[in-house]
Amino acid sequence: MKWCRFKAGEKVVYGIIEGDNVIEVEGSPFGSYTRTSNSQPLSSVRLEVPVIPPTFYAAGINYPEHVTWAAKQVGTQPNLPKQADVGYRAANALIAHDETIIIPKDATEAVQYEGELVAVIGKECKNVSEQEALDYVLGYTIGNDVSERTWQRGDRTLWRAKNTDTFKPMGPWIVTGLNPDDLRVKVTLSGRVAIEYDAATAIFGVRAYISAMSRYLTLYPGDVLWMGTEGAGENMKDGDVVEVEISEIGVLRNPVVRAR
């Protein structure tokens with residue numbers, strides 16, 4: 001099943017995408033819902049971020065080549081993580097498919113994409129095993145963890161490097177019933193393929209993260225977990241268009257504009 005959020009008149013509602021159409025529902029995928037008679041072409045609706053998460057989690061450095069790249073940026077030796085540590089991002093930074101990434105005018109040129117698989121929690125989750133973990137996932141969507149690398153290295157926290165407004169595109173929808181180990185990620189920058197990788201090459205996968213987190217944190221319906229990226233990012237500049245494509249999910253596309 002493919003779930004989206006979209007603007008219907010003055011309100012934002014959930015919908016089920018079937019073929020080229022969207023069927024509006026009353027309720028949400030995180031509880032009870034009923035289909036309405038309101039169906040319209042997908043091409044005619046304005047898609048919103050597919051969920052506003054109660055808590056926004058990020059796996060961070062979770063792929064081997066990205067660990068090596070990150071270490072080189074600060075002049076240290078690569079050190080693969082020994083456990084599934086998680087961080088946080090801010091919901092203020094979320095934007096939807098086709099919305100604009102705005103680079104602040106005082107940012108350096110080192111503003112880069114990070115194409116990521118995003119797991120969306122479907123039901124309350126506490127103290128679950130790795131074998132049970134995927135039972136608590138509603139589905140998967142796509143994220144672009146835009147990062148200002150100079151700020152990332154220089155600030156004491158990631159407050160602006162990762163959480164500046166518009167720095168977290170997510171969407172375009174949530175797809176249920178997928179195996180995260182089967183998915184492949186591709187990032188295209190202004191029509192050129194910049195990187196491709198298999199989600200299964202993560203140091204710690206979705207199962208490991210959810211199980212580890214749930215020992216200490218209660219995960220709630222709508223929480224999202226961004227799974228990290230592979231390789232080295234490239235700088236995005238004014239006028240670029242960045243697309244993150246994940247097999248079986250779709251394409252998250254956003255133009256890039258530098259503020260003046």
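A disulfide is a pair of cysteine sulfur atoms within 2.5 Å. By that criterion, a search of the whole structure returns zero disulfides. The structure is a predicted model, in which local features need pLDDT of at least 70, side-chain atom pairs count only at pLDDT 80 or more, and totals for chains, interfaces and linings use all residues. Residues are numbered from 1 along each chain as its sequence is written, and side-chain values use heavy atoms, with hydrogens and water left out.

**Strand pairing**

- Strands are DSSP runs (E, at least two residues) numbered from the N terminus, and two of them pair if DSSP finds at least two bridges between them.
- Strand β19 (residues 250-258) runs parallel to β9 (residues 101-103), and three bridges join them; the bridge partner of I102 in β19 is V257.
- Strand β18 (residues 241-246) is antiparallel to β19, with six bridges, and V244 stands opposite L252 of β19.
- The hairpin of β18 and β19 has three residues between the strands, and E248 takes a positive phi near 75° there.

**Cysteines**

**Surroundings of S28**

- S28 lies in the loop between β3 (21-27) and β4 (33-41) and is buried, with a relative accessible area of 17%.
- The side chain of S28 reaches the backbone nitrogen of F30 at 3.1 Å.
- Leaving aside neighbours within four places in sequence, S28 is in contact (heavy atoms within 4.5 Å) with W3, Y14 and Y33.

Conventions:
Helix = DSSP H or I, 4+ residues; strand = E, 2+ residues; numbered from the N terminus. Buried < 20%, exposed > 50% of the residue type's maximum accessible area, 1.4 Å probe, protein only. Polar contact = N/O pair within 3.5 Å; in protein donor to acceptor, adjacent residues only side chain to side chain.
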